[in-house]
Amino acid sequence: MTEPVKGPASYFPSIEKKYGRPIAEWKNLIRTSPLSKHMELVSWLKTEHGLGHGHANALVARTLAEADGK
């Protein structure tokens with residue numbers, strides 16, 4: 001039996017459905033942004049791309065964790 005998805009990734013299906021972009025595209029936007037701090041990126045996604053706080057936070061958390069090798 002497969003384990004349910006936990007943590008930030010649990011938001012990914014609803015992010016793709018609600019905002020119409022694949023997660024890889026959101027991660028690429030975050031990686032190529034001139035911003036680097038977590039909350040700056042969250043605010044940017046909310047302001048410039050209309051994401052809700054939880055969705056923006058989940059994307060940033062996962063993307064930054066991947067960049068740190070976690």
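Predicted model: local features only at pLDDT ≥ 70, side-chain atom pairs only at ≥ 80, totals over all residues.

Visitor: At what angle do α3 and α4 pack?
Guide: About 135°, with the axes of α3 (residues 38-49) and α4 (residues 53-67) 9 Å apart. Helices here are DSSP runs of H or I, at least four residues, numbered from the N terminus. Axes are lines fitted to C-alpha atoms over the stretch in contact, and angles run from 0 to 180 degrees between N-to-C directions.

Visitor: What do we call α3 and α4 relative to each other?
Guide: α3 and α4 are oblique to each other. Under 35 degrees is roughly parallel, over 145 roughly antiparallel, 65 to 115 roughly perpendicular, and the rest oblique.

Visitor: Is the crossing of α3 and α4 left-handed or right-handed?
Guide: Right-handed. That term applies if the near helix is turned clockwise from the far one by less than a right angle; anticlockwise is left-handed.

Visitor: Which residues make the contact?
Guide: From α3, H38, M39, L41, V42, L45 and K46. From α4, H53, A56, N57, L59, V60, A61 and L64. Contact means heavy atoms within 4.5 Å. By class, the contact of α3 with α4 has nine nonpolar residues, three polar and one charged. Nonpolar covers Ala, Val, Leu, Ile, Met, Phe, Trp, Tyr, Cys and Pro; charged covers Asp, Glu, Lys and Arg; the others, Gly among them, are polar.

Visitor: A56, then. Buried or exposed?
Guide: A56 is buried, at 0% relative accessible area. The cut-offs are under 20% for buried, over 50% for exposed, and partly exposed in between, with a 1.4 Å probe and protein chains only.

Visitor: What is A56 in contact with?
Guide: Setting aside neighbours within four places in sequence, A56 is in contact with V42, L45, K46 and L51. A56 and L45 sit 11 residues apart in sequence, and their C-alpha atoms are 6.0 Å apart.

Visitor: Switching to α2 and α4. How do they cross?
Guide: At roughly 70°, with the axes coming within 10 Å. α2 and α4 are therefore roughly perpendicular. The crossing is right-handed.

Visitor: And the residues of that contact?
Guide: I23, W26, K27, I30 and R31 of α2 meet L59, V60, R62, T63 and E66 of α4. Five are nonpolar, one is polar and four are charged.

Visitor: Where does K27 lie?
Guide: In helix α2, residues 23-32. K27 is buried, with a relative accessible area of 12%.

Visitor: Which side chain does K27 join by a polar contact?
Guide: The side chain of E66, at 2.7 Å. A polar contact is a pair of N or O atoms within 3.5 Å; within protein, one must be able to donate a hydrogen and the other to accept it, and residues adjacent in sequence count only if both atoms are side-chain atoms. Beyond four places in sequence, K27 is in contact with F12, R62, T63 and E66.

Visitor: What about α1 against α4?
Guide: They pack at about 120°, axes 10 Å apart. That makes α1 oblique to α4. Their crossing is left-handed.

Visitor: Last one. Where does Y11 lie?
Guide: In the segment before α1 (12-19). Y11 is partly exposed, at 37% relative accessible area. Leaving aside neighbours within four places in sequence, Y11 is in contact with H55 and A58.

Definitions and conventions. Residues numbered from 1 in each chain as written. Heavy atoms only, no water. Helix = DSSP H or I, 4+ residues; strand = E, 2+ residues; numbered from the N terminus.
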